Amino acid sequence: MSVTDQEEVKEMTMDVPMESTLDATCREVAEEIADVVIVGAGMVGTALACLLGEAGVDVALVDARDALLDPDTVGLGHPGMRVSALTPVSRKLLEGLGAWEWMAARRVSPYRFMQVWDAEGTGEVSFSAEQAGVARLGHIVENDVTQAALERSLEGLASVRVLLGARVTELVETADGDRCVHLADGRRLVAPLVVGADGARSPLRELAGIDVDVHDTGHMAVVTTVKVERSHGDVARQVFLPTGPLAFLPLRLDGERHHCSIVWSTSPEEAERLQELSAEALGEALAAAIGHRLGEVTVVDRTVAFPLVQRHAQRYVLPGLALVGDAAHSIHPLAGQGVNLGLMDAAVLAEELLLARSRGTALGDQRWLSRYARRRRGDNSGMLALMNGFRLLFGAQHPALTLARNLGLGAVDRLVPLKRLIMQQAIGHRGRLPVSCR
Ligand SMILES: Cc1cc2nc3c(=O)[nH]c(=O)nc-3n(C[C@H](O)[C@H](O)[C@H](O)COP(=O)(O)OP(=O)(O)OC[C@H]3O[C@@H](n4cnc5c(N)ncnc54)[C@H](O)[C@@H]3O)c2cc1C
């Protein structure tokens with residue numbers, strides 16, 4: 001954990017009254033009592049609210065945002081800059097929530113092939129949906145499209161209340177052992193279970209005093225959208241440059257295959273340099289970086305850079321509290337797994353909570369919450385470790401490692417059963433899937 005992060009966490013946890021203070025007055029002044037309070041209505045929190053709401057659980061979904069997205073404008077015209085590669089398993093979940101149909105009608109971009117290669121050598125591996133035994137390896141989807149679709153799915157759920165402009169500032173325990181969430185505007189929410197789905201810097205995680213392992217990858221992700229001269233052919237491309245991986249993610253706009261979303265992970269200095277380039281010079285740099293495989297590259301959007309910090313909460317659960325999505329783990333985007341892992345957290349937590357309810361157990365009971373933590377921690381840790389391994393192997397410039405990765409990529413490319421195994425992982429078929437994702 002970096003010194004800054006350690007200090008930040010310490011600072012936030014110092015005046016946390018959760019373990020010691022019993023806020024006996026909370027119930028009396030509370031405006032809202034629910035079965036579950038979900039803090040954070042991003043893709044993961046909203047998906048969890050849908051899953052619980054469908055089963056009639058009384059949910060208060062709160063977010064600091066002032067408004068939901070406008071479904072009349074999302075996914076039309078110019079593509080949004082933040083996109084995610086959604087696995088077939090995530091798609092299954094979204095289908096079950098009635099979100100996918102709207103997303104597909106609005107804008108999703110299937111990819112059927114993946115090419116990964118090393119800019120420094122000759123190693124290359126390619127994957128196809130056919131080899132993996134699926135119709136598509138996944139879809140590149142604008143985050144706003146997924147978010148708006150989930151928000152539409154919420155509309156029909158009578159047991160879910162959405163509170164916006166609701167910034168959580170404090171978390172205390174009531175005399176009854178419930179959790180009480182304080183909002184900045186003075187409102188209070190009481191429930192036996194509070195779920196933190198409030199993103200990578202999760203205020204709730206800090207308020208709960210949960211420590212986090214922080215690994216600053218030292219990378220920034222430079223993100224933009226480009227138009228390419230040659231058709232991308234539904235191929236997701238990733239090249240490992242000496243400075244980090246660069247992804248060209250295929251987008252379909254009105255049926256044409258000439259746009260890509262760019263995620264260029266690189267050093268902060270290089271990210272700054274790239275951002276300062278003219279659009280023309282950046283296009284040329286991008287075209288050269290992928291060896292001109294797609295011909296000329298034209299940058300059609302502004303460029304934004306995100307710091308890439310991996311975080312893993314040391315605990316996913318406490319009595320009456322659970323973390324999901326980026327609040328529990330944030331991961332390097334090189335394998336495009338972040339939101340997929342988060343959606344899987346939501347599906348597994350909902351499954352365990354509904355099972356607990358069917359057995360007459362309180363929703364905040366730690367034994368059931370621990371089942372969720374056990375089911376998810378291994379999968380998330382494995383993916384975080386894999387991403388680190390990839391980054392280190394491909395970030396290294398030692399000739400022996402260059403040789404190893406070239407040999408390795410070549411060998412993987414020739415071994416069909418191994419490729420199939422890797423593909424099964426990448427498309428989300430790992431371990432015991434929750435029923436909602438099968
Ligand atoms: C450059 C980049 C590329 C990526 N590419 C991919 C990809 O290809 N595939 C993939 O799967 N993932 C990808 N990811 C990761 C993915 O974007 C995240 O995993 C995902 O957005 C996390 O969703 P979430 O709902 O957990 O959190 P968030 O989207 O961060 O939502 C958190 C919500 O909590 C709310 N909130 C925060 N604090 C408070 C508070 N105090 N009170 C109330 N509300 C609060 C916020 O307003 C927000 O709405 C990428 C990430 C980056 C940076």
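Modeller: Asp234 sits in the loop between strand S14 (212-228) and strand S15 (235-241). Helices (H or I, at least four residues) and strands (E, at least two) are DSSP runs, numbered from the N terminus. This is a predicted model, in which local features need pLDDT of at least 70, side-chain atom pairs count only at pLDDT 80 or more, and totals for chains, interfaces and linings use all residues. Residues are numbered from 1 along each chain as its sequence is written, and side-chain values use heavy atoms, with hydrogens and water left out.

Colleague: Is Asp234 buried or exposed?

Modeller: Asp234 is buried, at a relative accessible area of 0%. Buried means under 20% relative accessible area, exposed over 50%, partly exposed in between (1.4 Å probe, protein chains only).

Colleague: Which side chains make polar contacts with the side chain of Asp234?

Modeller: Arg252 does, at 2.8 Å, and so does Arg257, at 3.1 Å. A polar contact is a pair of N or O atoms within 3.5 Å; within protein, one must be able to donate a hydrogen and the other to accept it, and residues adjacent in sequence count only if both atoms are side-chain atoms.

Colleague: On to the ligand. How many residues surround it?

Modeller: 31 residues surround the ligand, and the closest are Asp63, Arg82, Val168, Asp326 and Val339. Near here is one heavy atom of the residue within 4 Å.

Colleague: What is the make-up of that shell?

Modeller: The shell around the ligand has 15 nonpolar, 10 polar and six charged residues. Ala, Val, Leu, Ile, Met, Phe, Trp, Tyr, Cys and Pro count as nonpolar, Asp, Glu, Lys and Arg as charged, and the others, Gly among them, as polar.

Colleague: Which polar atoms lie by the ligand oxygens?

Modeller: An N or O atom in the Asp63 side chain is 2.7 Å from a ligand oxygen. For Asn340, a polar side-chain atom lies 3.3 Å from a ligand oxygen. Met43 has a backbone N or O atom 3.4 Å from a ligand oxygen.

Colleague: How much of the ligand does the protein bury?

Modeller: The protein buries 84% of the 1,000 Å² that the ligand exposes when taken alone. Those areas come from the Shrake-Rupley method with a 1.4 Å probe; for residues, only the protein chains shown count as cover.

Colleague: Last one, helix H9 (residues 268-276). Which residues are buried?

Modeller: Glu270, Ala271 and Leu274 are the buried residues of H9. They cover an arc of only 105° around the axis, so they lie on the same side of H9; the arc is that of the directions from the helix axis to the C-beta atoms. Glu269 and Glu276, on the other side of H9, are exposed.
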